[in-house]
Amino acid sequence: MILPATYGSIRHLNATQDIRTNLRLKYKKDPEEENSKEYCVVFEVTKSKKTCESLGNAVSSVLEVGSRTCVSCEMAAMRKHLGYRCQGHGVENKPTRFTYLAFPQCHGRWKRVEVSEKCSCHSEGKADFIFV
């Protein structure tokens, strides 16, 4: 499942004002998680439902067949049982499925092209989507 990258900034909390600070101090993070880093996955869209076209230019152009899409894997979406990777990370050159969470009728298939620390889809290095 994916959401637009603009939702990624909402996940970051002000740690000094968060009431859960005491829990973080008592239950320290897993050392493996501390070494894990956010990363970006580039996918090539191989199949997309027609409903994705009705979402507007920003989303529909990125999810059309043949286009490359950057998806950011942020700490909040990483799963320990997946080795601190995001669910939906995909397998190299094998088709996997995606669903646009904001509009579930928009879904399709894509192939993972590359995994890197920075997104390489655009010149400004920004992701199109985030994993949920």
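The disulfide between Cys-52 and Cys-106 is right-handed, because the torsion about its S-S bond is about 105°. The model is a predicted one, and a search of the whole structure finds 3 disulfides. The protein chain has 3 helices and 8 strands, and an open sheet is built from 6 strands. The count of salt bridges comes to 1.

**Disulfide Cys-52 to Cys-106**

- The sulfur atoms of Cys-52 and Cys-106 are 2.0 Å apart.
- This pair links distant parts of the chain, 54 residues apart. Cys-52 sits in the loop between E2 and helix H3 (57-62), and Cys-106 in the loop between strand E6 (95-99) and E7.
- Cys-52 and Cys-106 are both buried.

**Disulfide Cys-40 to Cys-119**

- Cys-40 and Cys-119 are joined by a disulfide with 2.0 Å between the sulfur atoms.
- The link of Cys-40 and Cys-119 is right-handed, with 100° about the S-S bond.
- Distant parts of the chain, 79 residues apart, are linked by this pair. Cys-40 belongs to strand E2 (residues 39-48), while Cys-119 lies in the loop between strand E7 (107-116) and E8.
- Cys-40 has a relative accessible area of 1% and is therefore buried. Cys-119, with a relative accessible area of 11%, is also buried, since the cut-off for buried is under 20%.

**Disulfide Cys-73 to Cys-86**

- In the disulfide of Cys-73 and Cys-86 the S to S distance is 1.9 Å.
- The torsion about the S-S bond of Cys-73 and Cys-86 is about 95°, so this disulfide is right-handed.

**Chain and sheet**

- Read from the N terminus, the order of elements in the protein chain is β-α-α-β-α-β-β-β-β-β-β.
- Of the 132 residues in the protein chain, 33% are buried.
- The open sheet has the strand order E1-E8-E3-E2-E7-E6, and its pairing is mixed.
- Strand E1 (2-4) and E6 are the edges of this sheet; each has a single partner strand, so one side of each has no neighbour in the sheet.
- Direction ignored, neighbouring strands of the sheet are turned by 45° against each other on average.

**Strand pairs within the sheet**

- E3 and E8 pair in the parallel sense, over 2 bridges.
- Val-71 stands opposite Phe-129, a residue of E8.
- E6 and E7 run antiparallel and are joined by 5 bridges.
- Thr-99 stands opposite His-107, a residue of E7.

**Faces of E6**

- In a regular strand, side chains alternate between the two faces of the sheet.
- The covered face of E6 holds Thr-96 and Phe-98, and the uncovered face holds Pro-95, Arg-97 and Thr-99.
- Thr-99, on the uncovered face of E6, is the residue that stands opposite His-107.

**Salt bridge**

- Glu-92 and Arg-112 meet through their side chains in a salt bridge, at 3.3 Å from N to O.
- Glu-92 counts as partly exposed because its relative accessibility is 39%. Arg-112 counts as buried because its relative accessibility is 11%.

**Nonpolar surface patch**

- Met-1, Leu-101 and Val-132 make a nonpolar surface patch of about 240 Å².
- Val-132 is located in the segment after strand E8 (129-131).
- Val-132 counts as partly exposed because its relative accessibility is 32%.

Definitions and conventions:
Residues are numbered from 1 along each chain as its sequence is written. This is a predicted model: local features need pLDDT of at least 70, side-chain atom pairs count only at pLDDT 80 or more; totals for chains, interfaces and linings use all residues. Side-chain values use heavy atoms; hydrogens and water are left out. Patches are made of residues with over 30% relative accessible area and no salt bridge: like charges are joined within 9 Å, nonpolar side chains (Val, Leu, Ile, Met, Phe, Trp, Tyr) within 5 Å. Accessible areas come from the Shrake-Rupley method with a 1.4 Å probe; for residues, only the protein chains shown count as cover. A salt bridge is a side-chain nitrogen of Lys or Arg within 4 Å of a carboxyl oxygen of Asp or Glu. Helices (H or I, at least four residues) and strands (E, at least two) are DSSP runs, numbered from the N terminus. Buried means under 20% relative accessible area, exposed over 50%, partly exposed in between (1.4 Å probe, protein chains only). A disulfide is a pair of cysteine sulfur atoms within 2.5 Å. Two strands pair if DSSP finds at least two bridges between them. Axes are lines fitted to C-alpha atoms, for helices over the stretch in contact, and angles run from 0 to 180 degrees between N-to-C directions.
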